[in-house]
Each structure stands twice: as structure tokens, then as C-alpha cells.
Amino acid sequence: MALKAKDLVTAPVSTVRPDTPLPEVVRAFTQDAVECIPVLTQTREIAGLITERQILKIITSNGNFHLMTAGEAMIRKPLIVDGEVLLSEIQNALVIGFRTGILVTENGKFSGMIGKSALLKLFCTDTDGSDAVAFVVDTTRALLSSKSRRQVLKILAEKIGKYFNAKRCSVISVDERGERALVLSTSEDPSLTNLPIDLNKHPEIKEAYVTGMPVVLKNAVDSPLLKPARQWLKKIDIKDIIVFPIVSRDKVVGTLHLRTQTKRSFTDQEIKVAEMLASIAAEAIRTISREENMETLYKDYEHKAIIDDLTGLYNRRFLTKRLKEEFGLARRHGMPLACILFDIDYFKDINDKFGHEKGDYVLKILADFLRTTIRVSDVIVRYGGEEFLLLLPVTDEEGALREAERIQRALADLDCGLGSKKITVSMGVAAFPFAGVTKPEDLIKNADSAMYEGKRSGRNCTVVYSSIGGFNDDTPRMV
């Protein structure tokens, strides 16, 4: 029975909506190790497709990445076929689709996609012999579950070498100039790696590396390609040699090299199996590289997204998440939580008198001072402009007040490059539990009110937002 598109469908790990934030799309790529993710409407109609290549490009070129959505990044006209279409009618699309994925519909609705497993299914329907199919399936599973390039290449050499009963099965890399080669893994000795070999004795490896095409040499000794190495080949008892390039992103990253002894020749099916597995190994390496790149870029993005560029301190984006976590812990376990909000007094005067560059320098100096002064458990954040916030887990109001006073005293000795002028700060202290504080934002609001009370009272002071000493719940207390 002729295969149809629906026969090759593999349900994707993830789909997203057009309004899905791109950071969530990145998480799907890193967690599910997919090449592309369909973008579907609420009624499962196909809106587009997002590829990992697009995501990588956007992360590296768009500073507002975290503000974008899947709909803004997707390919709006992906390859789409109906599930009933015969594969013979979409062969060209199938080849193209292995780069981006072909989306398959049923009655106009998304039903799945044709991905990398399609090659394996095609192979299994076109191969005689259940042993070959079982071997390919088992090896494919091992290759695609590998966690490193080294593991991929080792599995490829060991399994093919054993199954083919080859005299040697090796994975070999060649440098970009085609002058130096290393045996990365070989079935003869799994522990052997990075063994240099003389390419003058292996023109078939160089040929596969340069052309990117398989080299199949039956009766290798008589091959014109191997004429320079003919005398050497006769000494080591070789009949057939096959070399398959392992190609990732249009670049040969290695070669699969097999050879038999005089009395043994490779069958057409074995050659087909070896070529198939070399392609799957390349796919496994692409997946590993993709995961590594995505993970690195995502971590870099996440780091940049929570760090203030000028001071290197955490920013408000980070504070929002961390404060929510700490507030939840404090409420669940009955623990105190405090914060100190403060800003530099008369900072505008510093900018006006010394210039904005000196103002930035003051902010950096203060940030460095705070970073080295606070406790390990505390979190310091550049809240905005010349404002900073110190979050103090498992700290009550009195403990926060002592910490604020300690910082105030230490600032008296801080040299900010303003000559004899010293910077001072106005501080507001708030704590939980406290009447009216039912959510994280309430804590910040109270600290903010206390800080501005300090500014109205003359600056260079600390104000506690509390009812201690006979004050009403909503009345700040200056100390």
C-alpha cells in the first residue's frame, strides 16, 4: 500500500499559541529538544511555524526578545500538506521539510508533523529483513538519546562495527584544510580516541570530506582513487572500503569509515544501513548542538534580563519574582520578611555639578559597596534610577532597622570620587507580618512611604513604617 503523509506523522512535543511569550517558546525548545514548534490558533488551525534557527537569531539580535510573542517570530507560510496526500506527490517538499518540518492537517485542522523519525519509517518500509530493521531502530534510539558528540560517535562506531562484522569501523574527523585527520572512535578499541592518521594513506577519507558525498570502493585495491596507497593496502588485507560523511548544518563534522577483509564484501543493504545511520548520527549531533546553543543563549538571556546593565545588581524584573517567592515562604511558614528601600540624597545635584558620567560612577561605587557589605542571604536590587532595595529574608523589623543603620554608618567612609563631598541616603524600612500587608506589593509600598517620609523630614535618615512607640498602623516612625 502506498504511503501517505499521515503515515509519517509524529505528534510534536509542543505547540504554542500566537500570543505565547517567546521566553516560554525558548523553554519548550530547551526542554523538549525539538527543531521546530507549530503555532496553532485556539481552534487548532495552523498559524505558522517557529524554528530553532529563528529563535537563535532573534535572541542574538533583538534586545526586546522577552517582549515578543510566537506570532511575531513565526514563519507565516510553513510547509503544510493534507494527511491523505501520497508521499510520491510530495517528495520534493519532504526533502525541504527535513530542515523545518512539514505540518500535516486532517479536515483542515492540525494533526501532527513529519519530523526526523520519518526517515526511519521510510527505511523500515523499504528494507528487507527484520534483523536490519531491528538493528536500525535500536541504534537510532541509542544515537538520538546520546548526551554528547563523543557518545554519538562512539555508539556509531561500536554498533556498526559489531553488526557488520567489519574489520574496522571508525569515525574520523579531518581539519578544515583537509591536511590532518584524527580517529575519534573505533570499533577495534573503544578506549582509543584522537589518534592521528596519515591522510596520504587514506585518500578516500579526504575525498568524502571534501565532496561531502559517500565514497564506496568495492575491491578497494584496484580503485584509481587509492592508487597512491595500493602497496600499503595489499599488506593489510582489505577488500571493500566505504566512507560516509557525517554532515551537520552543511558542514562535514566527521566521516564513518568501514572496511572488510579480502574474503568479505559489503552487501547493498549494509551500505544502505550504514548511510542511514551516518545521517541519523548527524541528526543526533545537530540536536545536541542545538540544545547546547539554546541552553547557553537562554541562560545568557535570563541572566541579562535580571541584571542591571550599569551596576551589575539585580533589577526589578528579578525582584518581582524573588519577592513573590520569599513572601510566599514567609506567609506559609510564619517567618518574618523585611525590606529596605533607599535612594541617594540630592542625586540630581551630583549630575548637574559633576556630570552624568560621574553620576553613573557614583551608582557603580555604591553598588559595589552594597554587594560586598550585605549578608549572603540578603538580596540587593537597583530599584530604579538612584533607588536601591534590600530584601532581607527571615528578618524582622528590628533586624532590618539595625541593618539600615549599619549601612548608614558605613557610607560615611565611602569615597565616591566627589572630593570632600560624601553621599547620603534616605531609607525606608518595612516588614511582614504587619497589619494590611497581604501581598508582596504591600511590603514595597510601605517601605516606599517610609522612605519619602524620611526625605520630607530632611533626608540622611532611616524611617520605619510601623506602629511601634504608639504610632498608628499607617504612620511612619523616624529614628
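This is a predicted model: local features need pLDDT of at least 70, side-chain atom pairs count only at pLDDT 80 or more; totals for chains, interfaces and linings use all residues.
User: A polar contact is a pair of N or O atoms within 3.5 Å; within protein, one must be able to donate a hydrogen and the other to accept it, and residues adjacent in sequence count only if both atoms are side-chain atoms. Which side-chain oxygen reaches towards the backbone nitrogen of Arg317 at the start of α11?

Analyst: One from Asn315, which comes to within 3.1 Å of that nitrogen. Residues are numbered from 1 along each chain as its sequence is written, and side-chain values use heavy atoms, with hydrogens and water left out.

User: How far apart are the end C-alpha atoms of α11?

Analyst: They are 25 Å apart. The helix covers residues 316–333, and its 18 residues should span 26 Å at 1.5 Å a residue, so the two values agree. The expected span is 1.5 Å times one less than the number of residues. Just after α11, Gly334 has a positive phi of about 65 degrees.

User: Which residues of α11 are buried?

Analyst: Phe318, Leu319, Leu323, Glu326, Phe327, Gly328 and Ala330. Buried is under 20% relative accessible area, exposed is over 50%, and partly exposed is in between (1.4 Å probe, protein chains only). An α-helix has 3.6 residues a turn, so residues three or four places apart point the same way.

User: Changing topic, how many salt bridges are there in the whole structure?

Analyst: The search finds 12, each a side-chain nitrogen of Lys or Arg within 4 Å of a carboxyl oxygen of Asp or Glu. Asp308 and Arg382 make one of them, with their closest N and O atoms 3.2 Å apart. That pair links distant parts of the chain, 74 residues apart: Asp308 sits in the loop between α10 (268–306) and α11, and Arg382 in strand β13. Both Asp308 and Arg382 are buried.

User: What does Lys455 bridge to?

Analyst: Asp345, at 3.6 Å between the closest N and O atoms. Lys455 is in helix α15 (residues 440–456) and Asp345 in the loop between β12 (337–344) and α12 (347–354), so this pair also joins distant parts of the chain, 110 residues apart. Asp343 belongs with Asp345 and Lys455 in a network of salt bridges.

User: Are Lys455 and Asp345 buried or exposed?

Analyst: Lys455 counts as buried because its relative accessibility is 13%. Asp345 is buried too, at 4%.

User: And what about Asp442, which residue does it bridge to?

Analyst: Lys439, with the closest N and O atoms 3.2 Å apart. Asp442 is buried at 11% relative accessibility, whereas Lys439 is partly exposed at 39%.

User: Where does Arg375 lie?

Analyst: Arg375 is in the loop between α13 (356–373) and β13 (379–384). With a relative accessible area of 35%, Arg375 is partly exposed. Not counting residues up to four places away in sequence, Arg375 touches Leu392 and Thr395, a contact being heavy atoms within 4.5 Å. The side chains of Arg375 and Thr395 make a polar contact at 2.9 Å.

User: Last one, what is the strand order in the open sheet of three strands?

Analyst: The order is β3-β4-β5, with mixed pairing. β3 (80–82) and β5 (109–114) are the edge strands, each pairing on one side only. Two strands pair if DSSP finds at least two bridges between them. Strand β4 (residues 102–106) is joined to β5 by five bridges, running antiparallel, and Ile102 has Ile114 in β5 as its bridge partner.

How values were computed: Helices (H or I, at least four residues) and strands (E, at least two) are DSSP runs, numbered from the N terminus.
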